[in-house]
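User: I'd like to learn how to read a few features in a model like this one. Could we go through them together?

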Amino acid sequence: MDIDFVRSRFIKHFDGKTGNVYASPGRINLIGEHTDYNGGFVFPGAVDKGVMAEMRANGTEDTVMAYAIDLKDRVDFKLSDPDGPRASWARYIYGIALEMKKLGVPVKGFNIAFAGDVPLGAGMSSSAAMESCFACGLNDIFGDNKVSQWDIVLAGQATEHNYCGVNCGIMDQFASVFGKAGCLMRLDCRSREFEYFPFKPDGYRLVLLDSVVKHQLAGSPYNDRRNSCENVVKHIAAKHPEGTFETLRDCTWEQLDEVRAEVGEEDYKRAKFVLGEKDRVLAVCDALNEGDYEKVGEMMYQTHEGLSKDYEVSCEELDFLNQIARDNHVTGSRIMGGGFGGCTINLVRNDLYRQFIADAKKRFNEKYGHEPKVYDVVIGDGSRKLC
Ligand code: GLA
């Protein structure tokens, strides 16, 4: 994706004038899935793919003229319209503009054209890339860049909650805003403290295999998973009035066992996965510090198992890709992101890479009639102004 391409479309679809160009990435996550809204740890990094937008104030009070270059779709709407646009992509623009206004940015009418190369529905957070890209532009154009990076993260998350129907955590928006080339980040989602971890696994590489099963989180079982976790916390808190229980982060294995019968097996399994995942992220940090990638991989397989059997966010195609990884002695492999489709993330030794990819393509094609898409992970920078 290059600036000239986005610019040529911006000029063509509006009044011939240029604006400013902003870019924000999608993300990967090494480990720590469905832990963000449970106050746990995550281990994401930004990728070299994302969203690029050209934006410019258009002199109107509150008319937004938006063009989605990849979809060849134009939508105009007013920020004062209480319902906002119907097109799902335009709701990200509408939502983030209103959230930025809540933060004190005097957003007025603007023109915007954007394109992306982060695959949609692949679990790499194309939506967070849009939110942080548009927020970065609005902050620059109307807000003197006064809104902090963390507030931009939260505005993106609020956009999902308030306008797109996904009660997500903060991992995706965080990674998109704070990403740094060559580094993964360990974020404590409760305290919001984070650390950059240079990630250069000697002798290994990360590759994503995209099942091309589109995952769709809006109005989906994603929110049900979150509700299950919150229900378990409520029951534990009721049993322990002496303690403070905000999220599963505050709960122990013993406390979870105490409420097992009353919350039911489904909610119990969801919470069991989350407690295990919290421990696995910390184990991965230690393993990375020691350069023990085999241990990292073992944790990834355990995460897959938990996401598939206990959290139940996998699908047949992803389980099959995971099995192919095992059969090829790949060090670690698991579903990445929210689940219900999308990609597996694989930590594979350089010498096994070619054979693994060839086998995955062949066997997946035999079974499902198409090959998985292959994305080599390049860890890139977070949101930025390009010109
Ligand atoms: C989606 C959400 C994130 C996170 C992941 C699962 O990507 O947007 O907040 O919960 O799923 O780890």
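User: What kind of contact do the side chains of Asp-48 and Lys-49 make?

Analyst: First, some ground rules. This is a predicted model, where local features need pLDDT of at least 70 and side-chain atom pairs count only at pLDDT 80 or more, while totals for chains, interfaces and linings use all residues. Residues are numbered from 1 along each chain as its sequence is written, and side-chain values use heavy atoms, with hydrogens and water left out. Now, a salt bridge is a side-chain nitrogen of Lys or Arg within 4 Å of a carboxyl oxygen of Asp or Glu. Asp-48 and Lys-49 make one, at 3.8 Å from N to O.

User: Which residue pairs with Asp-76?

Analyst: Arg-74, with the closest N and O atoms 2.8 Å apart. Asp-76 is partly exposed at 42%, and Arg-74 is partly exposed too, at 35%. By the rule above, the count comes to 27 salt bridges.

User: How should I read a pair inside a helix?

Analyst: An α-helix has 3.6 residues a turn, so residues three or four places apart point the same way. Helices here are DSSP runs (H or I, at least four residues), numbered from the N terminus. Take α11, residues 350-368: Lys-362 and Glu-366 both sit there, four residues apart, about one turn. Their salt bridge has its closest N and O atoms 3.4 Å apart, and both residues are exposed.

User: Where is the kink in α8 centred?

Analyst: A bend at a residue is the angle between axes fitted to the seven residues ending there and the seven starting there. In α8 there's a kink of about 80 degrees, centred on Glu-266. You can see it in the span as well; the expected value is 1.5 Å times one less than the number of residues. For the 30 residues of α8 (260-289) a straight helix would span 44 Å, but the end C-alpha atoms are only 36 Å apart. Glu-266 also belongs to a salt-bridge network with Lys-269, Arg-270 and Glu-312.

User: How many residues surround the ligand?

Analyst: A residue counts if one of its heavy atoms lies within 4 Å. That gives 13, and Glu-33, His-34, Asp-36, Asp-172 and Tyr-222 are the closest.

Conventions. Helix = DSSP H or I, 4+ residues; strand = E, 2+ residues; numbered from the N terminus. Buried < 20%, exposed > 50% of the residue type's maximum accessible area, 1.4 Å probe, protein only.
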